[in-house]
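Keep the 3D view open as you read.

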Amino acid sequence: MNLPETRSTIVHFTGTGNSLAVARLLAARLPQATVVSAGEMLRRARLTVEADICGFVFPVYCQNAPEMMRRLARSIELPASAYVFAVATHNGDVGISHFALDRALRKKGQRLKAGFAVLMPGNSITPRDSMSPEPERLRRLRAAEAAVAAIADVIAQRRPAPFAGSGSLRKRLKYMRNMFRARHVYKIPESFWVTDACDRCGICVGVCPESNIRMGPSLPAWGRRCQMCLACIHWCPRRAIQNGEGTQERGRYHHPDVSVDDMLPKK
C-alpha cells in the first residue's frame, strides 16, 4: 500500500530575514515544502492552504507574534487534519507568542500542535534596546541550524510539543506594557525620518511587509500600519532611514543568507 505524499507549507513574516532563513532551513528538511510570505497571502487574499503540514515562522515583537501574523491566523483556511506548528525567532524571550497565535487559530477551528523557539541575532536599532554584537551574532546563527534540524525532526513525525514561552497573566501584562511603550511612549511608528543620504531608490517601499511606505514627491513617507519590524532601516543601502534620536550611529543587520531581492514582493 502506497502512503499519500505529504505536503508542507511554511508561512513566514520577516523584517531582517531571520525568520525567512529559519523557514528555508525547515523547508529543506520537510517533504514537498513551500515557503510563502504572510504579507503576500494577505495582499492577494489567498488564504486557503492545502497542506498536510502547515507552519508559521515569525519574530517576537514586544513579547508577542506580529499583529500581521495573528491577523492571518484568524483568516487562514487549513485542512482539519493538518499538523499546525509555529516557530518564534527571538532575542531572549518568546513571551505569549504561541499562545496568542493558538487563540487566533481557534477562530477558524484549528489549534497549534507545537510551538518552538529559535534564538537569533537581535536587530533592534534603538539605543534603549540591544543589538547582538558580532561574535554573539555568529554564535547564534551557527546554533540556529542545529536547533532547526531538531525542530524539523519533530515536525516530520507530526509529534505534539509544548509551546515555548508562557501564556500567564504576567506575560500578557508585560506584552501590553511593552506594546504601549513602543507605540505611545517611544512612538516608533511615527518617528521614522530620512537623512540627505536618501536617493529615493525605493527599497524601503519594497521590503515593508505591510506595504506601509510610499515614495512621496521627494522622500519616503510612512503610513499608520507599521508592524515595527524595522526592515526599512536595516535594508536601506545608504543608512538614510532613522527612527527618533540616536540611530544614526547604530549598526544595521540582516541575515547573511537573505538578500534584498528575497525581501521584495514577488510578481
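Two strands count as paired if DSSP finds at least two bridges between them. With that in hand, look at the strand β1. In this predicted model, β1 and β2 run parallel and are joined by five bridges.

Go back to β1. Is it enclosed or open to the outside? Five of its five residues are buried, so the rest of the structure largely encloses β1. S8, I10 and H12 point one way from β1. T9 and V11 point the other way. Both groups are buried.

The helix α1 is mostly covered too: of its 10 residues, eight are buried. The buried ones are N18, S19, L20, A21, V22, A23, L26 and A27.

Between β1 and α1 runs a loop, and F13 sits in it. F13 is buried, with a relative accessible area of 1%. It belongs to an aromatic pair. Four such pairs turn up in a search of the whole structure. The partner of F13 is Y61, and the ring centres are 6.1 Å apart. The planes meet at 80°, so this pair is edge-to-face; the cut-off for that class is over 60 degrees. Y61 lies in the loop between β3 (53-59) and α3 (67-75). That is 48 residues away from F13, so the pair links distant parts of the chain. Y61 is buried as well, with a relative accessible area of 14%.

A second pair is made by Y83 and F85. Their ring centres are 6.3 Å apart and their planes stand at 35°, so the pair is tilted. Both Y83 and F85 are buried.

Next, look for empty space. Rolling a probe the size of a water molecule over the atoms shows where such space is left. The second largest pocket holds about 590 Å³. It has 29 lining residues, and those closest to its centre are H12, V35, V36, S37 and E40. Which gives the most? It is α2, with six residues. By type, the lining divides into 14 nonpolar, eight polar and seven charged residues.

Finally, turn to the backbone. Most residues other than glycine have a negative phi. A45 has a positive phi of about 55°, although it is not a glycine. A45 is placed in the loop between α2 and β3. With a relative accessible area of 58%, A45 is exposed. S211 also has a positive phi, of about 50°, and is not a glycine either. The place of S211 is the loop between α7 and β7 (213-215). At 37% relative accessibility, S211 counts as partly exposed.

Methods: Residues numbered from 1 in each chain as written. Predicted model: local features only at pLDDT ≥ 70, side-chain atom pairs only at ≥ 80, totals over all residues. Heavy atoms only, no water. 1 Å grid on protein atoms, 1.4 Å probe; cavity = no way out; pocket = protein on both sides within 12 Å on 5 of 7 lines; lining within 4 Å. Points joined across faces, edges and corners; volume = space filled by probe spheres on them. Helix = DSSP H or I, 4+ residues; strand = E, 2+ residues; numbered from the N terminus. Nonpolar A, V, L, I, M, F, W, Y, C, P; charged D, E, K, R; others polar. Phe/Tyr/Trp six-rings, centres within 6.5 Å; stacked < 30°, edge-to-face > 60°. Buried < 20%, exposed > 50% of the residue type's maximum accessible area, 1.4 Å probe, protein only.
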